[in-house]
Amino acid sequence: MFEKSDEQLIEKALKGHKKAWFSLLKRYEKPVYHYGLRMTGNNADALDLLQDVFISVFRNLSNYRGDGSFKGWLFRIAHYRCIEFYRRKRPMQGLDDAPEIPCDTAPADQRIESTQRNAQLVSAMQQLPLAQKSVIELKFFGHFTFEEIAEQTGMSVNTAKSRLYSALSRMKILMEVDYVEL
Amino acid sequence: MSNYDNAELLALWLEDKLTPKQRDEFEQRCIKDSQFAEQVDTAAMVKVGADVYSSSEVPQWNKAATFEPQQARNSWSWLSGVSFVTSALAIVLVLTGTQVTTSEGELRIRFGSGQSEQALVKLVDSKLDAFKQNQQDAFTLYAQTLQQQQLESASQLTNYLLSSSRKERREDFAELIKFVNQQRSDDQLFYARQLNQLQQDVYHDATGVALESIQQ
């Protein structure tokens, strides 16, 4: 009822209030963790990415001007940390390249496979190039507008739209395949 | 003819921003373009999948690690300021050519480009020579001017004396002539009176003789 706003928690966290920072963390850890889970395809990497993102967020917290929503700013950092994560893990793979190995640990993870639909969706996403996967993730799971996606990923609005369209073409095929396999 | 491409139309539909006209076009395209219709179906399927995606709880992870690095950074954050100030100071010292020397327990800080002692002495000597030469020239000029001035003064004094003595003499002579003339005038008067007296005496004498002769 009297929940503090993101800005209030940020202000306190900047002054060194650990409790305020943990409150902010609690508010956003779940979406960021599941973002990581869908983007990386496995729990361990998702947890690594989660920690990486929040360390980066805390270090740059003083740079947050409150111009846009904190969630948008947070996911912009998450996007760039995710790209870095991919570069570290697969240095030879481009953002628009389809993964060589569709999925590191096939979504056999218990957490992802809580439902059959989750598994099918996440499995298909894992086979998309990172650039397309990011747009699917931010649009359908993050519920961001195309303008916000463009801002977060550093691409134009039209590019975001055409990437989503291309991603859906591929998702259609992949989900059909997954459905047949299942 | 359509003004929107498939990606644009799908994007508007996803964000529920279709105008009535665009909605008509969207529906027409779904009917006529089976590939577009499949794209819309996939988008709807992904959307539903995302909406019903069951988010499991986040496993335990090291949350404290996200906070402590900042604390550590805070405790050393003054270092960046100190390093900036030190760098700025170093640049200033280099630009001003500051030299710090210690000799016999004495600390000397010198600003400006460092010159050797001999060069400094030479510089001072040359400056002193120049100063001396200037002074000499000025003194010579002053002496010449003074001499010229004295000559002019002496000449003026001589002329004045000569002219004044001539005038005095002329005045003296005038006085003398006046005095002589006055003396002459007095003498003439005196002689006139004497003659007159003599005349009277002569007259009286003549009258007496006549009377005596008569009486006799």
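Among contacts in chain B between residues at least 6 apart in sequence, 25% join residues at least 24 apart. The model is predicted.

**View 1. Chain B carries six helices and two strands.** Starting from the N terminus, its order of elements is α-α-α-α-α-β-β-α. Chain B has 216 residues, and buried ones make up 15% of them. The accessible surface of chain B is about 17700 Å². Carbon and sulfur atoms account for 57% of that surface.

**View 2. Helix 1 of chain B is largely enclosed by the rest of the structure.** This helix covers residues 6–14. Buried here means under 20% relative accessible area. The buried residues of helix 1 of chain B are B:A7, B:E8, B:L9, B:L10, B:A11, B:L12 and B:L14. After helix 1 of chain B comes B:D16. The phi of B:D16 is positive, near 55 degrees.

**View 3. Helix 1 of chain B packs with helix 3 of chain B.** Helix 3 of chain B spans residues 34–51. The two axes lie 11 Å apart, at an angle of about 35 degrees. The crossing of helix 1 of chain B with helix 3 of chain B is right-handed. On the side of helix 1 of chain B, the contact uses B:N6, B:L9, B:L10, B:W13 and B:L14. Helix 3 of chain B contributes B:F36, B:V40, B:A43, B:A44 and B:K47. By class, this contact of helix 1 of chain B with helix 3 of chain B holds eight nonpolar residues, one polar and one charged. Two of the helix 1 contact residues, B:L9 and B:L10, meet helix 3 of chain B and are also buried.

**View 4. Helix 6 of chain A packs with helix 7 of chain A.** Helix 6 of chain A runs over residues 130–141, and helix 7 of chain A over residues 146–153. Helix 6 of chain A passes helix 7 of chain A in a right-handed crossing. From helix 6 of chain A, A:V135, A:L138 and A:K139 take part in the contact. They meet A:F146, A:I149, A:Q152 and A:T153 of helix 7 of chain A. The contact of helix 6 of chain A with helix 7 of chain A comprises four nonpolar, two polar and one charged residues.

Notes:
Residues numbered from 1 in each chain as written. Chains lettered and ligands numbered in written order. Predicted model: local features only at pLDDT ≥ 70, side-chain atom pairs only at ≥ 80, totals over all residues. Heavy atoms only, no water. Axes fitted to C-alpha atoms, helices over the stretch in contact; angles between N-to-C directions. Helix = DSSP H or I, 4+ residues; strand = E, 2+ residues; numbered from the N terminus. Left-handed = near helix turned anticlockwise from the far one by under 90°. Contact = heavy atoms within 4.5 Å. Nonpolar A, V, L, I, M, F, W, Y, C, P; charged D, E, K, R; others polar. Buried < 20%, exposed > 50% of the residue type's maximum accessible area, 1.4 Å probe, protein only. Areas by Shrake-Rupley, 256 points an atom, 1.4 Å probe, with all protein chains shown as cover.
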